[in-house]
Amino acid sequence: MFKLFEPNKIFKITSKAPKYVLFLFIIVLSVGLVEALVISPEDYKQSDAVRIMYVHVPAAWISLGIFSSITLLSICGFVFRNKNFFLISKSLAPSGFVFNIIALVTGSIWGKPTWGTWWAWDARITSMLILALFYAMYLIVWRIYDKKEKVYKISTLITILGIINVPIIKYSVDWWNTLHQPASINILSKSSIHSSMLYPLLIMTAAFALFSLLIFLMKYNTELIKIKNKGLDRL
Amino acid sequence: MIYELLFMNGYAVYVLSAFSFTLLSFLGLYLLTKAQFLKEQKKFVAKFGSLTTEQANSAKSQRVNKEILANATNN
């Protein structure tokens with residue numbers, strides 16, 4: 001089954017897809033920005049500062065989603081002895097890291113008008129910072145080691161250790177007394193967020209997901225060409 | 001309405017800086033990734049150009065190599 005996803009077979013699709021994904025991303029992002037900055041209402045408590053949520057929350061969601069995917073793919077790479085899983089993981093990491101940084105910075109900007117401080121060693125913020133460190137370690141490992149087998153082992157170990165932090169991030173607001181409010185959006189139970197704010201949030205999340213797909217495709221193609229470059233050297 | 005959008009009840013500086021940071025990060029990551037891609041593609045085309053006819057034919061037998069060359073010509 002994995003043969004269907006071999007780089008040689010999917011390159012035709014991955015090399016053409018970025019321009020369509022970019023086009024779709026620009027459209028969805030434009031709609032999302034209008035919804036987030038103009039159409040959506042202000043909050044009764046936070047007033048217009050609530051609009052920061054439309055970049056902060058999707059960035060945090062996607063950085064968590066990407067890290068979980070990287071972990072799963074790295075483990076699959078080991079279990080099924082398939083290098084393509086590692087290649088996909090490596091291509092996903094840069095956008096995950098940038099989304100993590102966006103979540104931290106926009107969270108800090110949001111903190112100033114709502115909590116009166118740019119930074120607090122709150123459980124959610126600290127655990128997100130730790131996730132950024134795991135992302136950084138993962139990316140550095142790919143840069144500093146030449147031996148592929150060693151990179152696969154160390155990067156997988158980093159993701160396994162880092163994934164322990166993901167449920168901590170998710171449940172930190174329930175487990176500890178933090179400045180963050182508990183989750184307003186629940187998949188299993190009724191969400192406490194009004195639809196006039198939920199829809200812009202979902203549109204922005206879709207835009208951010210498209211952006212991470214775009215970066216992933218471009219990065220994946222780059223990695224594939226790098227491999228082919230080495231192949232040409234061996235001819 | 002434009003005033004409301006720009007002022008945002010006094011929170012515009014926070015809201016717009018958060019959005020600007022996000023969009024600039026997107027732009028930065030996109031440009032960096034694109035530059036890396038073009039660099040590798042250029043390297044590939046240069047290496048391919050230096051191959052002998054026999055080596056080039058052997059390399060061209062791989063579908064991915066053909067695709068890379070085709071994309072490089074389109075860019």
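H2(B) contains 38 residues and reaches 54 Å from its first C-alpha to its last, close to the 56 Å expected at 1.5 Å a residue; the expected span of a helix is 1.5 Å times one less than its number of residues. Helices (H or I, at least four residues) and strands (E, at least two) are DSSP runs numbered from the N terminus. The model is predicted: local features need pLDDT of at least 70 and side-chain atom pairs count only at pLDDT 80 or more, while totals for chains, interfaces and linings use all residues. Residues are numbered from 1 along each chain as its sequence is written, and chains are lettered from A and ligands numbered from 1 in the order in which they are written.

The model has an ipTM of 0.91 and a pTM of 0.90. For chain A the mean pLDDT (the predictor's confidence in each residue, from 0 to 100) is 91, and 95% of the residues reach 70 or more. Within chain A, confidence is highest in H2(A), at a mean of 96, and lowest in H6(A), at 90. Chain B averages 84, with 93% of its residues scoring at least 70.

Chain B comprises 4 helices and 0 strands, in the order α-α-α-α along the sequence. The radius of gyration of chain B is 23 Å, well over the 11 Å that the globule rule gives for 75 residues, so chain B is more spread out than a compact globule. This radius is taken over C-alpha atoms, and the globule rule is 2.2 Å times the number of residues to the power 0.38. Taken along the principal axes, the C-alpha atoms of chain B fill a box of roughly 70 × 20 × 15 Å. Of the 75 residues in chain B, 23% are buried. A residue is classed as buried if 20 or more other C-beta atoms lie within 10 Å of its own, as exposed if 12 or fewer do, and as partly exposed in between, with C-beta atoms placed from the backbone. In H2(B) the buried residues are Tyr14(B), Val15(B), Ala18(B), Thr22(B), Phe26(B), Leu29(B), Thr33(B), Phe37(B), Glu40(B), Phe44(B) and Phe48(B). An α-helix has 3.6 residues a turn, so residues three or four places apart point the same way.

The contact between the chains takes 40 residues from chain A and 35 residues from chain B, two residues being in contact if their C-beta atoms, placed from the backbone, lie within 7 Å. On the side of chain B that touches chain A, the elements giving two or more residues are helix H2 (12-49), helix H3 (53-60) and helix H4 (63-74) of chain B. H2(B) gives the most, with 21 residues. By class, this side of chain B has 18 nonpolar, 11 polar and 6 charged residues; Ala, Val, Leu, Ile, Met, Phe, Trp, Tyr, Cys and Pro count as nonpolar, Asp, Glu, Lys and Arg as charged, and the others, Gly among them, as polar.

Asn9(B) lies in the loop between helix H1 (2-7) and H2 of chain B. Asn9(B) is exposed, with 12 other C-beta atoms within 10 Å. Leaving aside neighbours within four places in sequence, Asn9(B) is in contact with Glu42(A), Ser47(A) and Asp48(A). Asn9(B) and Arg63(B) are 54 residues apart along the chain, and their C-alpha atoms are separated by 58 Å.

Chain A has 7 helices and 0 strands. A compact globule of 235 residues would have a radius of gyration near 18 Å, and the 19 Å of chain A agrees with this. The C-alpha trace of chain A spans about 65 × 35 × 30 Å along its principal axes. Buried residues make up 39% of chain A. Of the contacts in chain A with a separation of 6 or more, 77% are between residues 24 or more positions apart.

Helix H5 (residues 148-163) of chain A has 16 residues, which should span 22 Å at 1.5 Å a residue; its end C-alpha atoms are 22 Å apart, in agreement. Tyr152(A), Ser155(A), Thr156(A), Ile158(A), Thr159(A) and Gly162(A) are buried in H5(A). Seen down the axis of H5(A), these buried residues fall within an arc of 160 degrees, so they line one face of the helix; the arc is that of the directions from the helix axis to the C-beta atoms. Their cover includes helix H2 (53-79), helix H3 (83-115), helix H4 (123-144) and helix H6 (165-175) of chain A. The face of H5(A) turned away from its buried side carries the exposed residues Glu149(A), Lys150(A), Ile160(A) and Leu161(A).
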